Amino acid sequence: MAVHVQPGHATQVAVLEGRQLVEHYVSRPTDDTSNIFGNIYLGRVQNVLPGMEAAFIDIGTPKNGVLYRGDVAYDQADFEGERPRIEKVLRNGQSVMVQVTKNPIAHKGARLAQEVSLAGRFVVMVPGQPQTFGISKRLPDDERKRLRKILDDIRPPDAGLIVRTAAEGGTRDELERDLRRLAHQWKQISEVAGRSKAPKLLHKEPELAIRIIREEFNKEYRGIYIDDPAIYEEIRSYVESVSPELAERVELYDEPLPLFERFHVNDQLAKALDRKVWLPSGGSLVIERTEALTVIDVNTGKNVGTSNLEETVYRNNLEAAEEVARQLRLRDVGGIIVIDFIDMEIRKNRDEVMRVFRSALGRDKTRTQVFEISELGLVEMTRKRVAEDLLESFSHSCPECHGRGFTLDESLLELT
């Protein structure tokens, strides 16, 4: 992991597997109102829309947040049967505690939920939901059983818990410390909410680098390199407090060659911002974004193969399946995605391409849902969208064409 700080401008975090860039994050000082994922607010209900089964909540940001019916908390004792209509639970002017589950994007406000969760290093605590309990499915069965046994003894009676992958190998003392820290944090949030008037920010997620390290850093990482002394001290102190055995892997980078140049990050970022991606054997991907979805076209390009057309297409699609999964993760593409693999006649080949694609997506921590190849040869999938993707982070709409990619010859529209 490489953390590059441009004082007063941006902080960037690059995650590399070997020499290959697989994830990238960027945060700017001006992101206080756009990068608010995970923040907890005391909000005020501005408008309840029964027809949309949603309510607009004033949380003190430029755009009101949106709280949908499915994310509204209610007392089951007051309502029998199915979930009540939103207008039965919320009213205009009411104060509600909410958490941001999706950043505001373009003209859409932040998405909110009333079920609040606090993320620690090893566990996520869900206050007021003692029935919630889960352990990361990425952990081995033996480790899941061991962690369950520990947490059955120490879990709080008034909160739910979700055990993270980072808890693997964690001791009882480490888990208890994590829980105490989260319980103290929740107590402070509740006290501030009790004496505040909406809208009010109750809890702000930590800076980007701390947040990413909390979510991802574990014994699988060989190290973290940071080129800013202040951020280095902050991160080193944090890692020492939650995972002392990993502290020595946090290093201050002070060599003459820039950090991102040392690890070839900028070169790979430039390629990830291009619409065309070349595959090792000469094929290519063309990635196009639209308002509703992202379309990925797979081409053979310069790949002419050696034996027959079916084998050439099959090998090209296998390379494409691996690269598409990497590009989705690196570019942080969200929403609906349609992939046009090259048509294959043999069913076994189609099944193998889908197996390789799903396996490659397994390395992506963001939730995805993939459907089988359709009769038209298309693969439809969704990937959870939480924030801006890579291209949005690095670009602005063109003032001439307003993002359309071309300018009109307005002389042809003039009346003569």
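The model is predicted.

The protein contains ten helices and 21 strands. Along the principal axes, its C-alpha trace extends over about 70 × 65 × 50 Å. A compact globule of 416 residues would have a radius of gyration near 22 Å, and the value of 24 Å found for the protein agrees with this. Of the 416 residues, 44% are buried. When contacts between residues at least 6 apart in sequence are considered, 62% of them join residues at least 24 apart.

Most peptide bonds are trans, and most residues other than glycine have a negative phi. Against this background, a cis peptide bond links Ala 198 to Pro 199, with omega at about 0°. Pro 199 belongs to the loop that lies between α3 (172-194) and β13 (200-203).

Positive phi values occur at two residues described here, Glu 53 and His 264. Glu 53, which is not a glycine, has a phi of about 50° and is located in the loop between β4 (40-49) and β5 (54-58). With a relative accessible area of 34%, Glu 53 is partly exposed. For His 264, phi is near 60°; this residue is placed in the loop between α6 (259-262) and α7 (265-272). His 264 is likewise partly exposed, at 46% relative accessibility.

Note on methods:
Residues numbered from 1 in each chain as written. Predicted model: local features only at pLDDT ≥ 70, side-chain atom pairs only at ≥ 80, totals over all residues. Heavy atoms only, no water. Helix = DSSP H or I, 4+ residues; strand = E, 2+ residues; numbered from the N terminus. Rg over C-alpha atoms; globule rule 2.2 N^0.38 Å. Buried < 20%, exposed > 50% of the residue type's maximum accessible area, 1.4 Å probe, protein only. Contact = heavy atoms within 4.5 Å.
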